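Let's take a walk through a protein together. Have the sequence and the 3D view open, and look up each residue as it comes along.

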Amino acid sequence: RNLTGREYLEFISEFYKKRGDSKEMVKTGIEISKLNERIDDKVDTYSKGMIRRLLIARAIVTKPQLLILDEPTSGLDVVNAKDVREVIKAVTAEKVAVLLSSHNMLEVEFLCKRISLISKGHIVENGTPSDLKIKYNAQNIEDVFMEVVK
């Protein structure tokens, strides 16, 4: 929290420099985070949304094969949540597998190609959002979830 956003990205990129040029990773991280001039401010001055965008940028620039995200937009305002979802969509287009955990079923429906619905620690249903909506004659995945946990 005592580092600036740029310093944080530089620190992380040094661990992953075998995966690419660390300066390019930092540049990409700054672009993804959309922190603009605030990238040189201390992280402890960032809002929750800014921190979330910085952390997602950090994860992406390391060029993972699998990106695991737990509630990536939880607690974010509409603007920041939309930005984070757009970044996640862009990452999946670049052939990075994303494992997303979320209670927000509408977000899951928007972001995921395949989903597993879990209740009380057990998978109760899985498939594509469209297949599940057809199977349960539902308008959205939230309605599917409510149906399968009855």
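How many aromatic pairs does a search of the whole structure find? Hold that thought while we sort out the ground rules.

## Ground rules

This is a predicted model, in which local features need pLDDT of at least 70 and side-chain atom pairs count only at pLDDT 80 or more, while totals for chains, interfaces and linings use all residues. Residues are numbered from 1 along each chain as its sequence is written, and side-chain values use heavy atoms, with hydrogens and water left out.

## The aromatic pair

Back to the question: the search of the whole structure turns up one aromatic pair. The partners are F11 and F15, and their rings sit edge-to-face, 5.1 Å centre to centre with 85 degrees between the planes. Why give two numbers? A pair of aromatic rings is described by the distance of the centres and the angle of the planes. Rings of Phe, Tyr and Trp (its six-membered ring) pair if their centres lie within 6.5 Å; planes under 30 degrees apart count as stacked, over 60 as edge-to-face and the rest as tilted.

F11 and F15 are four residues apart in helix α1, so about one helical turn separates them. F11 counts as partly exposed because its relative accessibility is 48%, and F15 counts as exposed because its value is 60%. The cut-offs are these: buried means under 20% relative accessible area, exposed over 50%, and partly exposed in between (1.4 Å probe, protein chains only).

## The overall picture

Seven helices and four strands make up the secondary structure of the protein. Helices (H or I, at least four residues) and strands (E, at least two) are DSSP runs, numbered from the N terminus. Read from the N terminus on, the elements go α-α-α-β-α-β-α-β-β-α-α.

The C-alpha atoms fill a box of roughly 50 × 30 × 25 Å, taken along the principal axes. The protein has 150 residues, and 43% of them count as buried. Contact means heavy atoms within 4.5 Å. Among contacts between residues at least 6 apart in sequence, 53% join residues at least 24 apart.

## Where α1 meets α2

Helix α1 covers residues 5-15, and its axis comes within 9 Å of the axis of α2, crossing at roughly 140 degrees. Axes are lines fitted to C-alpha atoms, for helices over the stretch in contact, and angles run from 0 to 180 degrees between N-to-C directions. The two helices, α1 and α2, are therefore oblique to each other. Here is the scale: angles under 35 degrees count as roughly parallel, over 145 as roughly antiparallel, 65 to 115 as roughly perpendicular and the rest as oblique.

The crossing of α1 past α2 is right-handed. A crossing is left-handed if the near helix is turned anticlockwise from the far one by less than a right angle, and right-handed if clockwise. From α1, the residues R6, L9, E10, S13 and E14 meet S22, M25, V26, G29 and I30 of α2. Sorted by class, this contact has four nonpolar, three polar and three charged residues. Ala, Val, Leu, Ile, Met, Phe, Trp, Tyr, Cys and Pro count as nonpolar, Asp, Glu, Lys and Arg as charged, and the others, Gly among them, as polar.

## Where α2 meets α3

Helix α2 (residues 22-33) also has helix α3 (residues 48-61) beside it: their axes come within 8 Å and cross at roughly 140 degrees. That makes α2 oblique to α3, and the crossing is right-handed. M25, T28, G29, I32 and S33 from α2 meet R53, L54, A57, I60 and V61 from α3. This contact of α2 with α3 divides into six nonpolar, three polar and one charged.

Is S33, with its relative accessible area of 0%, buried or exposed? S33 is buried. Not counting residues up to four places away in sequence, S33 touches I39, R53, L54 and A57.

## Two lysines in loops

K95 lies in the loop between α4 and β2 (97-101), and its phi is near 70 degrees, a positive value in a residue other than glycine. K120 lies in the loop between β3 (115-119) and β4 (122-127), with a phi near 55 degrees, again positive in a residue other than glycine. K95 counts as exposed because its relative accessibility is 75%, and K120 is exposed with a relative accessible area of 80%.
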